[in-house]
Amino acid sequence: MTCFPASTDKSLGLVIDLDTCVGCQACVTSCKEWNTGGHMAPLTDVKPYGGGVDGVWFNRVHTFEHITQEGGRTVHFPRSCLHCAEPACVTVCPTGASYKRARDGIVLVDEEKCIGCKLCSWACPYGAREFDVEVGVMKKCTLCVDRIYNEHIPPEDRVPACVSACPTGARHFGDLGDPASPISRLVEERGGVPLMPELGYEPTNRYLPPRARSERAPTVAAAPLEDAAPEGGFLGWVDRMLSR
């Protein structure tokens, strides 16, 4: 059994705002683009334009309808490795290929040691592991370690590619092990939650729940639309034009 550090100097991770994520897939494509030439490169694509499509993606966005007492709403749910404090994927690895770094809490895979047994993917309850069929090893989100520590790029760009690309600012990056960090304060203010904490793996990443409608922008009372009948107003004119 592979061991993980009892504690880490930092707990780097992501905070994802489900209230502002619009499901645009920018985080998905930017992650794929950066990591195709990054730490876990290459990210395989098999038959991308034909039958039997397969490939490696570190980040995926699921969309579903959420029903509450206030009505229904569409929720976009990004999913990637949560860099757990007690990762099951590490403890089941027979070769030590899966490991957790003591310096920052990031969970990585050493491809030189990985034998592609897939035990880590079976153990991970979040479905965060990806098997690369072309090279026969497991791959996963690295929090863009080759980017966040890269001193050759501006400090403001030293964030994971998915965070940098998000057009709505729904993704945040920082040290969740520091209660005073901006990202930890954001979690405290918005009531951020871990994913399935009852399993005991203590995922680092947090999700900010959608706000209640009363906390969102007020509803603007608008005048009713004009009659669309042929004899009625602008919409009637549009109706006549489209009916030609």
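## A tour of the salt bridges and beyond

Select Asp19 and Arg73: Asp19 is buried, and Arg73 is buried too. This is a predicted model. The two residues form a salt bridge, with their closest N and O atoms 3.4 Å apart. Asp19 sits in the loop between β1 and α1, while Arg73 belongs to strand β5, so the pair ties together parts 54 residues apart in sequence. Asp19, Arg73 and Arg211 are linked in a network of salt bridges.

Next, pick Asp17 and Arg190. Their salt bridge brings the closest N and O atoms to 3.0 Å. Asp17 lies in strand β1 and Arg190 in helix α6, so this pair ties together parts 173 residues apart in sequence. Both Asp17 and Arg190 are buried.

Move to Lys32 and Asp45. They form a salt bridge at 3.1 Å between the closest N and O atoms. Lys32 is in helix α1 and Asp45 in strand β2, 13 residues apart. Lys32 is buried, at 8% relative accessible area. Asp45 is partly exposed, at 40%.

Compare Asp175, in strand β10. Asp175 is buried but has no salt bridge; Lys10, the nearest side chain of opposite charge, is 5.7 Å away. The residues Asp175 touches include Lys10, Ser11 and Ser181.

Show strands β4 and β5. They pair in the antiparallel sense over nine bridges. A hairpin of two residues joins them. Click Ile67: its bridge partner in β5 is Gly72.

Finish on the surface. Val92, Leu119 and Trp122 form a nonpolar patch there, with about 300 Å² of accessible area together. Trp122, in helix α3, is exposed, with a relative accessible area of 63%.

Technical notes
Residues numbered from 1 in each chain as written. Predicted model: local features only at pLDDT ≥ 70, side-chain atom pairs only at ≥ 80, totals over all residues. Heavy atoms only, no water. Helix = DSSP H or I, 4+ residues; strand = E, 2+ residues; numbered from the N terminus. Buried < 20%, exposed > 50% of the residue type's maximum accessible area, 1.4 Å probe, protein only. Lys, Arg positive; Asp, Glu negative; His and termini not counted. Salt bridge = Lys/Arg side-chain N within 4 Å of Asp/Glu carboxyl O. Contact = heavy atoms within 4.5 Å. Patch = residues over 30% accessible without salt bridge, like charges linked within 9 Å, V, L, I, M, F, W, Y side chains within 5 Å. Areas by Shrake-Rupley, 256 points an atom, 1.4 Å probe, with all protein chains shown as cover. Pairing = 2+ DSSP bridges. Lists of a residue's contacts leave out its neighbours within four places in sequence.
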